[in-house]
Each structure stands twice: as C-alpha cells, then as structure tokens.
Amino acid sequence: MTTHDPPAALTRVISAHTALSRATRRRIFFYLGILVFLLAFGQPGGGLIGIPLSFFLKNKLHLTAQELADFLLVAAIPIYLSFVFGFIRDIWSPFGMGDRGLMLLFGTSTAILYVFFAFTPVSSGMLLAASVLLTTSFLFIASARDGLASTIGQQHAISGQVSAVWNIFTSLPNIAAPLLGGSFSSMLESENAERAVRILFLVGAATMALVAAFATLKPKSVFGNLRYERGAAIEPVKDIRRLARHWPIYPALLIWSLWCFAPG
C-alpha cells in the first residue's frame with residue numbers, strides 16, 4: 001500500500017484556511033451577492049445607465065454611428081488602465097478600512113459626481129467628461145469588490161463557491177439592467193434633454209449612495225476571519241515585474257481576450 005504525503009507548502013496553505021460553518025458561508029455569500037448586485041446597477045457603462053445614455057446620444061444629441069463609437073472609445077480609457085486600480089487597492093487603505101474604505105470613499109465620490117453632472121448643462125462634451133470621471137471613480141470600487149471576493153475565496157478555500165455565487169448575482173442584474181435600461185430609454189424620450197439626463201444620473205447617484213452606505217457595515221461573519229494581506233513595503237515596480245514574469249497569467253489573459261469577442 002502506497003501513501004502520498006502532500007507537499008509541505010500545500011500543507012501550510014491548507015492549515016492556514018479558516019474552517020467556516022455553513023451558516024457563516026451563507027452570510028458571506030449573501031454579503032458578496034448584495035455588493036455585486038448593487039455595483040452591476042450603478043456601473044456607469046452598465047445596462048441601467050449605459051443603454052439609456054447611448055440612446056440619448058443618438059436620439060437627443062443626434063450623434064452619428066461613428067461619433068457614438070468614438071465617444072465610447074474615449075469614455076473607456078479608464079478601463080484600459082483598470083490594472084492600475086488593482087495595484088492601488090493592494091497598497092492603499094482609506095480610513096484604515098481596507099476594501100470597505102475604498103467602497104465608502106469612492107461610492108460617495110461616484111454618487112457626488114452623478115449629482116454634479118445631473119445639474120450640469122447637457123452637451124456631448126459634458127457627457128464624455130462624466131463618463132470618464134464616473135468610470136474612474138467606479139473602478140476603485142470594482143477593484144475593492146474583486147479584491148475582497150478573491151481574498152475571501154483564497155483564505156477560506158471557497159474560490160469555486162464564490163465564483164458560483166458571483167455568477168448567480170451577476171446574471172440577475174445582467175438580465176434586469178438592460179430591460180430596465182431599455183424601458184428607461186423609452187421614458188426619457190418623452191423628456192427634454194436636461195430633465196432626461198438629470199433623471200438618469202440621479203438614479204445612478206442613489207444606487208452608489210446605497211453602495212457607500214453598505215460599505216459602513218462590517219459583518220463579523222465576513223471580516224472577522226480575514227487576515228490582513230497588505231505588506232509593509234510598497235514596491236509597485238517590483239510587483240509589476242513579478243506579475244509580468246508570472247507566466248500562468250498569460251493563458252488566462254488570452255482566454256479573457258477571446259471572451260471579449262464572444263457573440264453578444
């Protein structure tokens with residue numbers, strides 16, 4: 001009879017995991033589900049905001065198809081640099097609250113930006129500036145959400161379960177937000193330009209205010225068993241080099257790049 005002993009490194013990783021009860025796991029999944037759900041509705045480029053905005057640019061401001069494509073290309077500049085927000089998340093802890101601090105700070109700032117642009121005279125330039133600034137602020141929250149979910153999955157060895165919960169709670173707004181966005185677009189067609197944008201952005205502001213309020217919560221089931229992972233030394237250049245030399249990320253990047261060309 002042959003026995004196979006696990007490598008020492010693997011043993012250390014397994015022993016570091018915190019054993020969670022089923023009730024605790026359910027509370028963690030519920031917390032993450034609410035967070036994913038809210039951010040899906042408050043995302044500047046998401047179905048609830050992005051679809052009405054695209055129709056508004058086409059129908060109210062009469063942008064051509066090429067002009068609309070150029071608008072979306074420029075508005076997505078922060079997304080091209082989204083890796084930067086992940087690095088910032090790893091080294092910055094606003095108010096000493098970690099991911100909750102990022103969600104509180106930038107949930108509030110995103111809500112304020114929505115309100116500011118809601119009462120700014122409408123033009124394609126204003127909407128482009130709003131899209132860039134709102135997306136930039138939102139990406140700090142998204143990086144905190146992603147980092148928190150990743151930390152929970154790794155430290156408790158429940159990455160697969162977190163992924164399943166993520167997909168479930170993402171699919172719900174992915175279905176509902178475009179439908180609501182389409183209905184919202186039809187409703188806005190009957191409003192004048194100033195009022196239409198005001199309604200649209202105030203809805204976004206309300207959603208992000210809920211995210212900021214949600215960040216003030218600190219359920220023990222979610223945060224009580226997490227270990228602090230941020231190192232004392234901040235060396236972003238070395239971190240980037242180490243990441244670039246870590247070959248396993250490249251197949252994942254290739255898969256993700258191909259996914260961007262998927263139908264729909």
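This is a predicted model: local features need pLDDT of at least 70, side-chain atom pairs count only at pLDDT 80 or more; totals for chains, interfaces and linings use all residues.

Which residue's side chain meets Arg 89 in a salt bridge at 2.7 Å, N to O? I find Asp 99 there; a salt bridge here is a side-chain nitrogen of Lys or Arg within 4 Å of a carboxyl oxygen of Asp or Glu.

Residues are numbered from 1 along each chain as its sequence is written, and side-chain values use heavy atoms, with hydrogens and water left out.

Arg 89 sits in helix α6 (residues 82–91) and Asp 99 in helix α7 (residues 99–118), so the pair ties together parts 10 residues apart in sequence. Helices are DSSP runs (H or I, at least four residues), numbered from the N terminus.

I checked burial next (buried is under 20% relative accessible area, exposed over 50%, partly exposed in between, with a 1.4 Å probe and protein chains only). Arg 89 is buried at 11%, and Asp 99 is buried at 8%.

Arg 89 also bridges to Asp 90, with the closest N and O atoms 3.0 Å apart. Asp 90 is partly exposed at 39%.

Elsewhere, I see Asp 239 in a salt bridge with Arg 242, closest N and O atoms 2.8 Å apart. Both lie in helix α12 (residues 236–244), 3 residues apart, about one turn of the helix. Asp 239 is partly exposed at 23%, while Arg 242 is exposed at 54%.

Key: Helices (H or I, at least four residues) and strands (E, at least two) are DSSP runs, numbered from the N terminus.
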